Amino acid sequence: MPRRDFYHDSVKNALTKEGWRITHDPLILGDLELRVYPDLGAEKNVAERGMRTLAIEIKVFGAVGQISELQKAIGQYVLYRSILRRQDLIRLLYLAVSAEIYSTLFQKQIILNLIQDENIRLLVFNPLTGEIEQWID
């Protein structure tokens, strides 16, 4: 099993506050040959949409090596999305990032272009308040 990210419990609690039920911690994807582990699986009954299910990959971007962390995060996101498309068509994948990282690193034009080009969904959370600030589809 992979090691939990520093903000794992913060994101988990923020989802719970918004009425999401954590179904997997971690979520297991893949087959007998290769397994990968997005950090969380969650579900919520949304009145206008019915049951929504999510896969969430939480990322911490330290002060050093942010580009390497970004490359790793995008690689994981693309791999998880590919598996989900073939195994679980209804689960939406989100990359969870702190509000600080979103307002700094993720506002650089190259990163904005990448998010748009790769159709990356973001969950922006505040680790200090333990709340979700934005869902970006």
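1. Glu 43 and Arg 21 form a salt bridge, with their closest N and O atoms 2.4 Å apart; the term denotes a side-chain nitrogen of Lys or Arg within 4 Å of a carboxyl oxygen of Asp or Glu. Because Glu 43 belongs to strand 4 (residues 40–46) and Arg 21 to strand 1, the pair ties together parts that are 22 residues apart in sequence. Helices (H or I, at least four residues) and strands (E, at least two) are DSSP runs, numbered from the N terminus. Arg 21 is partly exposed, at a relative accessible area of 47%; buried means under 20% relative accessible area, exposed over 50%, and partly exposed in between (1.4 Å probe, protein chains only).

2. The model is predicted: local features need pLDDT of at least 70 and side-chain atom pairs count only at pLDDT 80 or more, while totals for chains, interfaces and linings use all residues. Residues are numbered from 1 along each chain as its sequence is written, and side-chain values use heavy atoms, with hydrogens and water left out.

3. The structure holds five salt bridges. One of them joins the side chains of Lys 12 and Asp 25 (2.7 Å, N to O). This pair links distant parts of the chain, 13 residues apart: Lys 12 in helix 1 (residues 8–17) and Asp 25 in the loop between strand 1 (21–24) and strand 2 (29–30). Lys 12 is partly exposed, at 24%, and Asp 25 is partly exposed, at 25%.

4. A salt bridge also connects the side chains of Asp 137 and Arg 121 (3.8 Å, N to O). Asp 137 lies in the segment after strand 8 (131–136) and Arg 121 in the loop between helix 4 (109–117) and strand 7 (122–126), so the pair joins parts that are 16 residues apart in sequence. Asp 137 is exposed, with a relative accessible area of 66%, whereas Arg 121 is partly exposed at 26%.

5. The buried residues of helix 1 are His 8, Ser 10, Val 11, Ala 14 and Leu 15. They pack against several strands, including strand 5 (50–58) and strand 6 (91–98), where contact means heavy atoms within 4.5 Å. Gly 19, with a positive phi near 90°, follows helix 1.

6. The structure holds four aromatic pairs. Rings of Phe, Tyr and Trp (its six-membered ring) pair if their centres lie within 6.5 Å; planes under 30 degrees apart count as stacked, over 60 as edge-to-face and the rest as tilted. Tyr 7 and Phe 125 form an edge-to-face pair, 5.4 Å centre to centre with 75° between the planes. Both residues, Tyr 7 and Phe 125, are buried.
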